[in-house]
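Reader: I am new to this structure and would like to know what stands behind the terms used for it. Please show it to me, and then I will ask.

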Amino acid sequence: MSTYKLQCPHCHSAVRIRTSVGQHAYLRATYMQCINIACSASWVGRFEFTHELSPPGQPNPQMRLPEAPSAMRRSAKVHEQNTEETLDLFAHE
Ligand SMILES: [Zn+2]
């Protein structure tokens with residue numbers, strides 16, 4: 001379970017990922033809930049892989065995504081430098 005950087009848009013408490021279900025190799029439906037008991041809002045959303053930032057070392061030719069444009073690569077580099085921990089979005093309770 002992780003609450004990293006997910007924030008309830010109503011009460012601004014952390015949001016936990018309750019579970020996620022694979023829809024495709026690049027897509028997961030994700031069930032989330034606000035940890036504030038007085039709020040307890042819940043959502044379903046999705047996490048999707050959209051572009052490759054670097055090519056895979058062991059590519060599956062049937063599983064290719066478009067290469068990220070240069071602006072997206074620069075943005076990813078800035079975010080990597082500012083990230084202090086690795087997030088496991090798909091951890092289960
Ligand atoms: Zn909330």
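Reader: Which residue is the bridge partner of Met32 in S3?

Author: The bridge partner of Met32 in S3 is Trp43. Before going on, note that this is a predicted model, in which local features need pLDDT of at least 70 and side-chain atom pairs count only at pLDDT 80 or more, while totals for chains, interfaces and linings use all residues. Residues are numbered from 1 along each chain as its sequence is written.

Reader: What makes a stretch a strand or a helix, and how many of each does the protein chain have?

Author: Both are DSSP runs numbered from the N terminus: helices are H or I with at least four residues, and strands are E with at least two. By that rule the protein chain has 1 helix and 3 strands. Read from the N terminus on, the elements run β-β-β-α.

Reader: How do you know that S2 and S3 pair?

Author: Two strands pair if DSSP finds at least two bridges between them. S2 and S3 (residues 42–48) are joined by 7 bridges, so the pair meets the definition. The two strands run antiparallel. Besides Met32 with Trp43, Gln33 stands opposite Ser42 in S3.

Reader: What joins S1 to S2?

Author: Between S1 and S2 (residues 27–34) there are 8 bridges, and these strands run antiparallel. Ser20 has Thr30 as its bridge partner in S2, and Arg16 has Gln33. S1 and S2 form a hairpin, with 2 residues between them. As background, strands of a sheet pair through backbone hydrogen bonds, either parallel or antiparallel.

Reader: What is the order of the strands in the sheet?

Author: The order is S1-S2-S3, in an open sheet of 3 strands with antiparallel pairing.

Reader: Why is one side of S1 and of S3 left without a neighbour in the sheet?

Author: S1 and S3 stand at the edges and each has a single partner strand, so one side of each has no neighbour in the sheet. Direction ignored, neighbouring strands of this sheet are turned by 25° against each other on average; the axes behind such angles are lines fitted to C-alpha atoms (for helices over the stretch in contact), and angles run from 0 to 180 degrees between N-to-C directions.

Reader: What makes Met72 partly exposed?

Author: Met72 has 13 other C-beta atoms within 10 Å, so it is partly exposed. Met72 lies in helix H1 (residues 70–82).

Reader: How much of the protein chain is buried?

Author: Buried residues make up 3% of the 93 residues in the protein chain.

Reader: What is noted about the phi of His12?

Author: His12 has a positive phi of about 70° although it is not a glycine. Most residues other than glycine have a negative phi, and most peptide bonds are trans. His12 is found in the segment before S1, and with 11 other C-beta atoms within 10 Å it is exposed. Ser40 also has a positive phi, of about 55°, and is not a glycine. Ser40 is found in the loop between S2 and S3; its 12 C-beta neighbours inside 10 Å make Ser40 exposed.

Reader: Which residues does His10 touch, and what counts as touching?

Author: Two residues are in contact if their C-beta atoms, placed from the backbone, lie within 7 Å. Not counting residues up to four places away in sequence, His10 touches Cys39 and Ala41. His10 lies in the segment before S1 and is exposed, with 10 other C-beta atoms within 10 Å.

Conventions
A residue is buried if 20 or more other C-beta atoms lie within 10 Å of its own, exposed if 12 or fewer, and partly exposed in between; C-beta atoms are placed from the backbone.
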